[in-house]
Amino acid sequence: MDFPPPAHPGPAEDQLLVLRGDHRSSFVWEGQLSMQALRPRRLDDLWEFIVEHPFHARVVARLQATGFYTIFELGRMQLDWSLITTLVEWWRPKTYTFHLPTGEATITPEDVQVLYGLRVDRQAVALPQYIRFMTRAQFLDMMGQFIGYRPQGDVGGSHVALSAIRDHMVVLHPDITGETEDLHIERYTRLALLLFFGCVLFPNTSGSLVGMRFLHHLQQLDDLPQYSWGAAVLAYLDVLDMLVNAQRRFASSVARLLLSRSTALEHLRPDDLLRYG
């Protein structure tokens, strides 16, 4: 019995895949299979820091009121990087979906709300016009006003080093007690949220910075639940992908969310657009 020749793993029509030359899957099509799984650069390790410096009960209460503490409770997840690598190979940036054998799949704002408890049906997370034109000195002044700490240095624009935030939290940690004034509890809570934003929800491409523009929304901690942070998380990934052309980094981030669910997801692009850059 004669068997047909093995099918070529590549696409039948090259013209449809304009990014083929930059896509990881081209290694497979050209017979140069890469056995190395993706190992994305680790961000500033938030989870180990929290274990070493646990939040005081009063800080926990403030974080719970903001709606973000659920993610702190989730902690670091053990992930299968080989499986994530496979998902990245199936990622198509043209449609922002994974092309799976069972159909297309991606993450929707509703999934973020279910997994992380972040709302998607509230006010859009947006910045007033004047914030976008503030100088670094003005942002540092905001840090001093709402955090009680003004980082040194004139380099970094509207961003501050995560290590500087963490180091200042280490200094403040012993002074957070049941008798600490509410003002200092709120400042410590803002530091924790900045660290959390920069490490988990809105990581900078450098992996070591966080935007001080978040201080605009962190001024009033009680107002944070009024915003659609779930939609903002997906919108930030979308904008990050377009700005830096980092398909693999973006696909890896979406894959990590996708692995939190066991079913295929419908494709839906978020309406809110976060402009934190």
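Trainee: Rings of Phe, Tyr and Trp (its six-membered ring) pair if their centres lie within 6.5 Å, with planes under 30 degrees apart counted as stacked, over 60 as edge-to-face and the rest as tilted; which residues do ring pairs link into a cluster here?

Mentor: The model is predicted, with local features needing pLDDT of at least 70 and side-chain atom pairs pLDDT 80 or more, while totals for chains, interfaces and linings use all residues. Residues are numbered from 1 along each chain as its sequence is written, and side-chain values use heavy atoms, leaving out hydrogens and water. The cluster takes in Phe 55, Phe 68, Tyr 69, Phe 72, Phe 196, Phe 197, Phe 202, Phe 214, Tyr 227, Trp 229 and Tyr 236.

Trainee: And how many aromatic pairs in total?

Mentor: That rule gives 14 aromatic pairs. One of them joins Phe 197 and Phe 202 edge-to-face, with 5.5 Å from centre to centre and 90° between the planes.

Trainee: Are those two buried or exposed?

Mentor: Phe 197 and Phe 202 are both buried, meaning under 20% relative accessible area with a 1.4 Å probe, protein chains only.

Trainee: Switching to helices, at what angle do helix 3 and helix 9 pack?

Mentor: Helix 3 (residues 57-66) packs against helix 9 (residues 182-201) at about 60°, and their axes, which are lines fitted to C-alpha atoms over the stretch in contact, are 9 Å apart.

Trainee: Which residues of helix 3 meet helix 9?

Mentor: With contact taken as heavy atoms within 4.5 Å, Arg 58, Val 59, Arg 62, Leu 63 and Thr 66 of helix 3 meet residues of helix 9 including Asp 182, Glu 186 and Tyr 188.

Conventions:
Buried < 20%, exposed > 50% of the residue type's maximum accessible area, 1.4 Å probe, protein only. Axes fitted to C-alpha atoms, helices over the stretch in contact; angles between N-to-C directions. Helix = DSSP H or I, 4+ residues; strand = E, 2+ residues; numbered from the N terminus.
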